[in-house]
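Please look over the sequence and the structure before reading on.

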Amino acid sequence: MYVGEVKVKNQVGLHARPATFFIQKANEYKAAIWIEKEERRVNAKSLLGILSLGIVGDTQIKIIADGADEKVAVDALVELVESGFSEEVR
């Protein structure tokens with residue numbers, strides 16, 4: 001299991017469009033991947049799961065992966081979140 005922490009930088013957070021980009025990236029990996037906000041953990045390959053967390057800008061999240069490519073997956077997803085999903089970043 002590998003865990004990465006990142007702060008969501010884009011102003012509106014993980015709404016539908018960036019969440020879709022996140023899921024597409026997560027689906028490139030074989031590892032099971034989750035997003036954790038506070039004490040809630042959801043499948044990072046589920047749009048409804050991600051949207052249910054209500055992640056807004058400046059929210060700290062954990063990206064957790066378990067599987068053969070877990071480190072590569074977490075590092076790539078952390079980088080995607082840090083990029084601001086090509087949206088305006090604070």
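## Two helices side by side

The axes of helices α1 and α3 come within 10 Å and cross at roughly 160°. The coordinates belong to a predicted model. Two packed helices are described by the angle between their axes and the distance between the axes. An angle over 145° counts as roughly antiparallel, and therefore α1 and α3 are roughly antiparallel to each other. The crossing in which α1 passes α3 is right-handed. On the α1 side, the contact is made by Phe21, Phe22, Lys25 and Ala26. On the α3 side, Ala76, Leu77, Leu80 and Val81 take part.

## The buried face of α1

Helix α1 covers residues 16-26. Which of its residues are buried? They are Pro18, Ala19, Phe22, Ile23 and Ala26. Seen down the axis of α1, these buried residues fall within an arc of 140°, so they line one face of the helix. An α-helix has 3.6 residues a turn, so residues three or four places apart point the same way.

What do the buried residues of α1 pack against? Their partners are strands β2 and β4 together with helices α2 (47-52) and α3. Phe22 and Ala26 are buried residues of α1, and both Phe22 and Ala26 also belong to the contact with α3.

## The sheet

The model has an open sheet of 4 strands, in the order β1-β4-β2-β3, with antiparallel pairing. The edge strands are β1 (2-7) and β3 (40-43), each of which pairs on one side only. From one strand to the next, the twist averages 25°. Helix α3, made of residues 70-82, packs on this sheet and touches β1, β2 and β4 (60-66). The direction of α3 makes about 5° with that of β1.

Strands of a sheet pair through backbone hydrogen bonds, either parallel or antiparallel. Going through the sheet in order, β1 and β4 run antiparallel and are joined by 6 bridges. In this pair, Tyr2 stands opposite Ala65 of β4. Strands β2 and β4 also pair in the antiparallel sense, over 5 bridges, and here Ile35 stands opposite Ile63 in β4. Strand β2 (residues 32-37) is joined to β3 by 4 bridges, again antiparallel. Lys37 stands opposite Arg40 in β3.

## Ala65, a residue inside the sheet

Ala65 lies in strand β4. Is Ala65 buried or exposed? A residue under 20% relative accessible area counts as buried, and Ala65, with a value of 0%, is therefore buried.

Which residues are in contact with Ala65, leaving aside its neighbours within four places in sequence? They are Met1, Tyr2, Ala31, Ala32, Ile33, Trp34, Glu70 and Val74. Tyr2 is in this list and is also the residue that stands opposite Ala65. Ala32 is 33 residues from Ala65 in sequence, while their C-alpha atoms are 5.5 Å apart in space.

## Ser46, a residue in a loop

Ser46 is found in the loop between β3 and α2. With 26% relative accessibility, Ser46 counts as partly exposed. How far apart in space are Ser46 and Ile23, C-alpha to C-alpha? The distance is 6.9 Å, although the two residues are 23 residues apart in sequence. Ile23 is one of the buried residues of α1.

Key. Residues are numbered from 1 along each chain as its sequence is written. This is a predicted model: local features need pLDDT of at least 70, side-chain atom pairs count only at pLDDT 80 or more; totals for chains, interfaces and linings use all residues. Side-chain values use heavy atoms; hydrogens and water are left out. Two strands pair if DSSP finds at least two bridges between them. Axes are lines fitted to C-alpha atoms, for helices over the stretch in contact, and angles run from 0 to 180 degrees between N-to-C directions. Contact means heavy atoms within 4.5 Å. Buried means under 20% relative accessible area, exposed over 50%, partly exposed in between (1.4 Å probe, protein chains only). The arc is that of the directions from the helix axis to the C-beta atoms. Angles under 35 degrees count as roughly parallel, over 145 as roughly antiparallel, 65 to 115 as roughly perpendicular and the rest as oblique. A crossing is left-handed if the near helix is turned anticlockwise from the far one by less than a right angle, and right-handed if clockwise.
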